[in-house]
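Here's a quick tour of one protein model, written for someone just starting out. Have a look at the picture first, then read on.

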Amino acid sequence: MKTKKHKGRPDLIGEHTIGDAGQAIFAVLFGAVYIADSFIYGFSTWLNELVPNIIRVPAGFAVLIISGLLSFKGMRLVFNEVREKPEIIRKGVFSIVRHPVYLGEILLYLGMIFFSLSVASMIVWLLAVIFLYFISRYEEKILLEHFGEDYRT
């Protein structure tokens, strides 16, 4: 199994080797499509005519706030506290969702989509969701192998 280890952090099990690169590629791709479609060409923003700004903008901001909280708190719990050995994190946002950073990333894109309702951006978002699903399944397998039934519970 190819797993990226975090240098100097034996308490972290690891993540998929292409996880960070894939996330960066999807971020750039999403940003490029979002900007091109929402602000320059507008070739797939026709849904804006159906949903007024009074609904889209507050919904977008609400989703972005939730996204930021999930990502920030998830990253903080994983990377700010060095443990003696790897352990299952069950507190904070991890008591609600197993992959809060990935969910935060999904919600970040979704929040941005609410502002312009770009169908082209929605397609990239869907591809990013599929990518995050597959790397999270891979990481689940690693964690199950390491922690066994305790992780499953």
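What follows covers the core, the helix packing and the salt bridges.

This is a predicted model, where local features need pLDDT of at least 70, side-chain atom pairs count only at pLDDT 80 or more, and totals for chains, interfaces and linings use all residues. Residues are numbered from 1 along each chain as its sequence is written, and side-chain values use heavy atoms, leaving out hydrogens and water.

**The core**

- The largest nonpolar core has 14 residues, and Phe26, Phe30, Tyr109, Val124, Phe131, Leu132 and Ile135 have the most contacts inside it. (Such a core is a set of buried Ala, Val, Leu, Ile, Met, Phe, Trp, Tyr and Cys residues joined through side-chain atoms within 4.5 Å; buried means under 20% relative accessible area, exposed over 50%, and partly exposed in between, with a 1.4 Å probe and protein chains only.)
- Helices H1 (19–41), H3 (100–116) and H4 (119–147) each give two or more residues to this core, and the largest share, six residues, comes from H4. (Helices are DSSP runs of H or I, at least four residues, numbered from the N terminus.)
- Apart from this core lies another one of nine residues, including Leu12, Leu70, Ile89 and Leu107.

**How the helices pack**

- H1 and H4 pack at an angle of about 170°, with their axes 9 Å apart. (Axes are lines fitted to C-alpha atoms over the stretch in contact, and angles run from 0 to 180 degrees between N-to-C directions.)
- That makes H1 roughly antiparallel to H4, a label for angles over 145 degrees.
- Among the residues that meet here are Phe26 and Phe30 in H1 and Val124 and Phe131 in H4. (Contact means heavy atoms within 4.5 Å.)
- The axes of H3 and H4 come within 10 Å and cross at roughly 175°, so H3 is also roughly antiparallel to H4.
- Tyr109 in H3 and Leu132 in H4 are among the residues that meet between these two helices.

**Salt bridges**

- How many salt bridges does the structure hold? There are two. (The term means a side-chain nitrogen of Lys or Arg within 4 Å of a carboxyl oxygen of Asp or Glu.)
- Asp150 pairs with Arg90 at 2.8 Å, N to O. Asp150 sits in helix H5 (residues 149–152) and Arg90 in the loop between helix H2 (53–79) and H3, so the pair ties together parts 60 residues apart in sequence.
- Asp150 is partly exposed at 43% relative accessible area, and Arg90 is partly exposed at 46%.
- Glu149 forms a salt bridge with Arg152, their closest N and O atoms being 3.4 Å apart. Both lie in H5, three residues apart, about one turn of the helix.

Notes
Parallel < 35°, antiparallel > 145°, perpendicular 65-115°, else oblique.
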